[in-house]
Amino acid sequence: YYTRDDIIREILKLQLTDGGFSFYQDKTDPDMTGMTLQALAPYYNSEQEYTYEWKAAKKTVTKTVRQVVDESLATLSELQLSEGDYESWRTKNAESTVQVLVALTALGIDPLHDSRFIKDGHSLLDGIMKYQNDDGGFIHSEEYNPNNPTSLPDKSNTMASEQVLYAL
């Protein structure tokens with residue numbers, strides 16, 4: 001029923017004014033932005049312009065996928081932490097960093113050498129590997145979150161380990 005262009009347009013409408021994407025918030029979430037860029041990656045080199053009502057800015061705009069993605073990449077670069085990882089919902093974690101790394105590779109960007117994604121000498125891979133546990137798996141975060149009881153800082157986490165595995 002919907003065309004590919006309809007779906008792309010609906011995604012573009014959801015860009016936030018700070019450049020990224022989020023599930024609930026009005027500021028960029030690296031997890032959601034990374035996943036959105038993965039979805040848009042196949043259309044990055046298209047010159048097609050999309051005119052749509054930009055929800056966050058409450059105005060009609062015309063942009064290419066490349067313009068939206070480049071704005072999101074600039075925001076993700078700014079949000080990257082000094083150890084190479086990302087924070088989502090006030091928690092530094094492996095999975096958000098994975099989503100950005102996968103987005104970059106889907107866009108043909110080398111996450112180990114692109115200076116936009118190296119902070120204080122730390123790449124995204126460094127940011128991910130700091131979450132590796134002694135058993136070889138990966139923890140979600142170095143901090144315990146009582147709202148997420150499966151994310152123990154001393155035990156490998158299934159979701160974190162799975163996501164790191166597909167990123168690597």
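Which helix is Val69 found in? Val69 sits in helix α3, where helices (H or I, at least four residues) and strands (E, at least two) are DSSP runs numbered from the N terminus. The model is a predicted one, so local features need pLDDT of at least 70 and side-chain atom pairs count only at pLDDT 80 or more, while totals for chains, interfaces and linings use all residues. Residues are numbered from 1 along each chain as its sequence is written, and side-chain values use heavy atoms, with hydrogens and water left out.

Val69 is a handy place to start. With a relative accessible area of 0%, Val69 is buried; buried means under 20% relative accessible area, exposed over 50% and partly exposed in between, using a 1.4 Å probe and protein chains only. Leaving aside residues up to four places away in sequence, Val69 touches Leu37, Leu40, Tyr44 and Leu107, a contact being heavy atoms within 4.5 Å. Gly19 is 50 residues away from Val69 along the chain, yet the C-alpha atoms of the two are separated by 8.5 Å.

Now for the helices themselves. Two packed helices are described by the angle between their axes and the distance between the axes. Axes here are lines fitted to C-alpha atoms, for helices over the stretch in contact, and angles run from 0 to 180 degrees between N-to-C directions. Helix α2 (residues 30-40) and helix α3 (residues 65-79) have axes that come within 11 Å and cross at roughly 150°. That makes α2 roughly antiparallel to α3; angles under 35 degrees count as roughly parallel, over 145 as roughly antiparallel, 65 to 115 as roughly perpendicular and the rest as oblique. On the α2 side, the contact is made by Pro30, Thr33, Leu37 and Leu40, and on the α3 side by Val65, Val69, Ser72, Leu73 and Leu76. Sorted by class, these residues give seven nonpolar, two polar and no charged. For this sorting, Ala, Val, Leu, Ile, Met, Phe, Trp, Tyr, Cys and Pro count as nonpolar, Asp, Glu, Lys and Arg as charged, and the others, Gly among them, as polar.

Helix α2 also meets α1: their axes come within 11 Å and cross at roughly 155°. α1 and α2 are therefore roughly antiparallel to each other. Here Ile8, Ile11 and Leu12 of α1 meet Thr36, Ala39 and Leu40 of α2, and the contact has five nonpolar, one polar and no charged residues.

Next come the aromatic rings, with a count of three aromatic pairs. Rings of Phe, Tyr and Trp (its six-membered ring) pair if their centres lie within 6.5 Å; planes under 30 degrees apart count as stacked, over 60 as edge-to-face and the rest as tilted. The ring centres of Phe23 and Tyr24 are 4.6 Å apart and the planes are at 75°, so this pair is edge-to-face. Tyr24 and Trp89 are edge-to-face too, at 6.2 Å centre to centre and 80° between the planes. Since Tyr24 lies in the loop between α1 (4-13) and α2, and Trp89 in the loop between β3 (86-88) and β4 (91-93), the pair ties together parts 65 residues apart in sequence. Phe23, Tyr24 and Trp89 form one aromatic cluster.

Finally, a word on the backbone. Most residues other than glycine have a negative phi. Lys58, though, has a positive phi near 55°, and Lys58 is in the loop between β1 (49-54) and β2 (59-64).
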